[in-house]
Amino acid sequence: AGTAIIFSLVRKERSHMKIEIGESFKTPFANEAGVYQDGTVPLYRDVDGRLWGMSGHSHMGHIGMFCGTTLKDMRYVYEAKTDFEVGAAGTAFAGIKYPEGVLARGSIWPFGLYICPGTHRFFCYFHNETGWNGKGTAYDALGPCEQPRFDSDFRHVGMMHSDDEGRTWTFDRWVLTGEAVCFTEKYIPESINAKGQTGDVVNLGSGDFSCFFDAEFLYLFYDVIHVDVEKGEWLSCDVCVARTRLRRDGIMGDFVKYYDGSFSEAGNLGKESVIVRNGWHPRVIFDTARNRYLMCYNLFDRTLVEKFGLTEHMVVSEGKSLTEWGEPLALRDRDGHFFGNHYNAIVSADAFGQPCECAGTVCIMTGHNGTDVTGYDAETGG
């Protein structure tokens, strides 16, 4: 904890807005609860006013369910267990293949949570990679691996549901897949009769995401990463978006990607347009007091950080819509130092409404791979 500091979001020509950040506080998403958060924490408030969260992933510690009224009074309640296996291809995810026809493998990283108001069914959207926890079947852009080389494995987003408030989860299907297939000509899993990506520049698929909700749609803001497998480095990391219409009957529809000015391409294997350049792990909130969207993310900049390009500088873009965003604005303290971490999220501090909607009073959550998540009191202004 510390005294309040003002971090200014500044354009070159003038001050644009300010975020006043107060004392830090400990969140419940901590190693002592048996969870090792790796990404931003998904939150959702049910129709009874309870705020729910999920933290952790499936190959380090466990996935935990958390509940409370606000971020500050949330507590760990129980372990989230699956009725399906993770890990090795063939047994993981009930044998359900990725949309490309490759056997699914690896782990679960929960990054999205939605609770149907009509049925109280919980839906979790999770990140998955082909190069981690494959139990002998993992692979990346170059071929089989124990761990992915320069994080060059392939991403998908999966969906599972729970009818007992997150105690037990059932896998449903893969909902978001890159336009490019999840393998290269250098290695085609199970030798399926399909052509892999060619050349040195490889698209790693769709993942590393968060969810945003309005009255009508659930939005997935996700990353598309390109790597140079010859040089062993990331070339780009950009933000795209897909959405599905919300229902009240306990059923979830398919996602549609934003492409060429409209939501028009299939969530699985469809084309996608970049809406924000150079953003890692985007998180969106709507500021009702100023009628604007705010997206925070870790700035990708290979002029500052070689190989991966992840600066751990939290930046914020202002949006007049969910597909039109301004230039990123960096948070600096009065000494000129950047604020931020590997993962950054702005969420509402209120005891009512959804965490992705605020009237100026917010909390900022930051963390790294497997670390405790730290919260900061904050106010948006300008």
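Below are legends for a handful of close-up views of this predicted model.

The model is predicted, so local features need pLDDT of at least 70 and side-chain atom pairs count only at pLDDT 80 or more, while totals for chains, interfaces and linings use all residues. Residues are numbered from 1 along each chain as its sequence is written, and side-chain values use heavy atoms, with hydrogens and water left out.

View 1. The strands run in the order 3-4-5-6, with antiparallel pairing. Strands here are DSSP runs of E, at least two residues long, numbered from the N terminus, and two of them pair if DSSP finds at least two bridges between them. Strand 3 (43-45) and strand 6 (75-79) sit at the edges, each pairing on one side only. From one strand to the next, the twist averages 25°; angles like this are taken between N-to-C directions of lines fitted to C-alpha atoms and run from 0 to 180 degrees. Zoom in on strand 3 and strand 4 (residues 51-57), and you'll find three antiparallel bridges. Tyr44 has Trp52 of strand 4 as its bridge partner.

**View 2. The largest pocket.** This one holds about 400 Å³ of space. A pocket, on a 1 Å grid over the protein atoms alone, is an open set of points with protein on both sides within 12 Å along at least five of seven lines, and lining residues have an atom within 4 Å of a point; a cavity is a set of points where a 1.4 Å probe fits but cannot get out. Volumes are the space filled by probe spheres set on the points, which are joined across faces, edges and corners. The lining of the largest pocket has 21 residues, with Asp38, Trp132, Asp151, Tyr343 and Asn369 nearest the centre. Sorted by class, the pocket lining is nine nonpolar, seven polar and five charged, where Ala, Val, Leu, Ile, Met, Phe, Trp, Tyr, Cys and Pro count as nonpolar, Asp, Glu, Lys and Arg as charged, and the others, Gly among them, as polar.

View 3. Two cavities reach 30 Å³ or more. The largest cavity comes to about 120 Å³, and of its 15 lining residues, Leu43, Cys211, Phe213, Arg283 and Cys356 are closest to the centre. Its lining counts twelve nonpolar, two polar and one charged. The second largest cavity has about 70 Å³, and its lining includes Gln37, Tyr343, Met365 and His368.

View 4. Glu357 is in strand 23 (residues 357-358). Its relative accessibility is 42%, so Glu357 counts as partly exposed (buried is under 20% relative accessible area, exposed over 50%, partly exposed in between, with a 1.4 Å probe and protein chains only). Leaving aside neighbours within four places in sequence, Glu357 touches Ile285, Phe286, Thr288 and Ser348, contact being heavy atoms within 4.5 Å.

**View 5. Two residues with positive phi.** Phe93 isn't a glycine, yet its phi is about 55°. Phe93 belongs to the loop between strand 7 (81-82) and strand 8 and is buried at 0% relative accessible area. Asp208, in strand 13, has a phi near 50° and is buried too, at 3%.

Methods. Helices (H or I, at least four residues) and strands (E, at least two) are DSSP runs, numbered from the N terminus.
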